[in-house]
Amino acid sequence: MNSRANLIFEQQKKHHPTVKKTNALQRIHKLKTLKESIRKYESQIYDALSKDLGKSSFEAAVTEVVLINGEIDFAIKNLKSWMHPKRVGKTLSNPFAKNRIYYEPKGVCLILSPWNYPFQLVMAPLISSIAAGNCTIIKPSELSPATSHIISKIIGSIFCEEEVACIEGDKDTATQLLALSFDHIFFTGSTAVGKIVMEAAAKNLSSVTLELGGKSPTIIDSTADLKKTAQKIAWGKLVNCGQTCIAPDYVLIHEQNADEFIGLYKDFVQAMFFIGDEKINPASYGKIVNKPHFHRLKTLVDQAITDGARIVLGGKFDEKALVINPVVLRQVTPKSAVMTEEIFGPVLPVLTYKNLNEAIDIINQKPKPLALYIFSQSRKNIKDILSRTSSGGACVNDVLIHIANPKLPFGGVNHSGLGSSHGFFGFKSFSHERAVVIQSKIDFSSLVYPPYEGKSRILNLLKRII
């Protein structure tokens, strides 16, 4: 066992009773201090994200820092009401008692974060954990080391380790941490690793929030505005070089519109991410995180071509720069790996259908995705798709934006995740909802067990009260 991790865990166990007693104003102060520290290190955060993922300062600001500042502001504004005990209705069996739900901290929590949005996906659950009154250990991804290091600096500058600690390390460090009896574990990553986390948590009966992924489909029906659709999908698919858990994974489009859509998609990709005809613009397009992921993506494309698919856009792979030009695939077979595995890169399979039932059947044959995107002007079709499918979240005539609203729960279902995050939903994930009944001063025992002849009179009285 990592001796430092074990020591910090024991310190946090001892210190948590003190943290648990903090009130809303004290927790709000911690969140304000965190926001100020982020502002102080902002330029270093951008440098780290550029080094790890080739992100421009603009992309890093929009998808990482601004989103987190908004999450902090929302928590600060609402924390007092979140922490206040919630009233619930009375019951016939106990009409004079007060019934409340108290939100108490779960205790010592572990946050395991991924590399694709390495700043955002550490800070968002940390905000929720702090707001709920927990002690927290963070283990950021070793695949984004520059960002992990700056996160460690930020955390170390404002928190003592007995309350919040950042432990850098590799896969073995994560495994060692998972052996500890945390009160709650928040994991963001792949479905395969999510199962490992859940299995480890079960040994200690630790509760979990799993933010996973999956093959998020996009349905484009015959009524859709193809120009707006192509523009939004091009951005949503290729931001962070496609390394986004809720990126459109594949497109299902009515066969009469496929060629027009692909032509428009090419135009928007060219305008957003290229300088001239063939040169990628590094100011707007990042890189693949490392060589193993680069080769995984190239293998997916190569296998798809072997299985009968053809490339209609892109196909240039620069291993030295870890850059893959945006790819569009047609005639992809359902059993090809590119249609069974989450792509997590700038590769877009485009499949066609003749009627909407075919598209819905394709989606329902796969595990429930983290996101579902619908482009349509038909209320009937939109309602039909939403009612006959399941996903963690959904957008109609847009992509990705549901993650930016802290008033909405963000999370998956089954293979794409367990539990929710952001705003009050994140606060709840890191809290235990404790049922509390406060009995009335009235001597209720005589009403519970009245003489037989008085039961009907008491029952009628209770009905009138309630």
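**Why the labels fit: questions about a predicted model**

User: Where should we start?

Analyst: With two helices: the axes of H2 (residues 24–40) and H6 (residues 145–158) come within 10 Å and cross at roughly 135°. This is a predicted model, where local features need pLDDT of at least 70, side-chain atom pairs count only at pLDDT 80 or more, and totals for chains, interfaces and linings use all residues. Residues are numbered from 1 along each chain as its sequence is written, and side-chain values use heavy atoms, leaving out hydrogens and water.

User: What makes something a helix or a strand here, and what is an axis?

Analyst: Helices (H or I, at least four residues) and strands (E, at least two) are DSSP runs, numbered from the N terminus. Axes are lines fitted to C-alpha atoms, for helices over the stretch in contact, and angles run from 0 to 180 degrees between N-to-C directions.

User: Why is H2 called oblique to H6?

Analyst: Angles under 35 degrees count as roughly parallel, over 145 as roughly antiparallel, 65 to 115 as roughly perpendicular, and the rest as oblique. H2 and H6 cross at roughly 135°, so H2 is oblique to H6.

User: Which residues of H2 and H6 make the contact?

Analyst: Thr 33, Leu 34 and Ser 37 of H2 and Ile 154, Ser 157 and Ile 158 of H6 do; contact means heavy atoms within 4.5 Å.

User: What about H12 and H13: why is H12 called roughly parallel to H13?

Analyst: The axes of H12 (residues 356–364) and H13 (residues 379–388) come within 10 Å and cross at roughly 25°. That angle makes H12 roughly parallel to H13. Leu 356, Asn 357, Ile 360 and Asn 364 in H12 meet Asn 381, Asp 384, Ile 385 and Arg 388 in H13.

User: How do you know that the length of helix H8 agrees with what it should span?

Analyst: The expected span is 1.5 Å times one less than the number of residues. H8 (residues 191–204) has 14 residues and should span 20 Å; its end C-alpha atoms are 21 Å apart, which agrees.

User: Which residues of H8 are buried, and what do they pack against?

Analyst: Thr 191, Gly 194, Val 197, Ala 200 and Ala 201 are buried. The buried residues of H8 pack against strand S3 (108–112), helix H7 (171–178), strand S6 (184–188) and S7.

User: What makes Ser 216 buried?

Analyst: Ser 216 is buried because its relative accessible area is 0%. Ser 216 lies in the loop between strand S7 (207–211) and strand S8 (217–220). Leaving aside neighbours within four places in sequence, Ser 216 is in contact with residues including Cys 245, Tyr 250 and Pro 369.

User: What does the side chain of Ser 216 reach?

Analyst: The side chain of Ser 216 reaches the backbone nitrogen of Ala 371 at 3.2 Å.

Key: Buried means under 20% relative accessible area, exposed over 50%, partly exposed in between (1.4 Å probe, protein chains only). A polar contact is a pair of N or O atoms within 3.5 Å; within protein, one must be able to donate a hydrogen and the other to accept it, and residues adjacent in sequence count only if both atoms are side-chain atoms.
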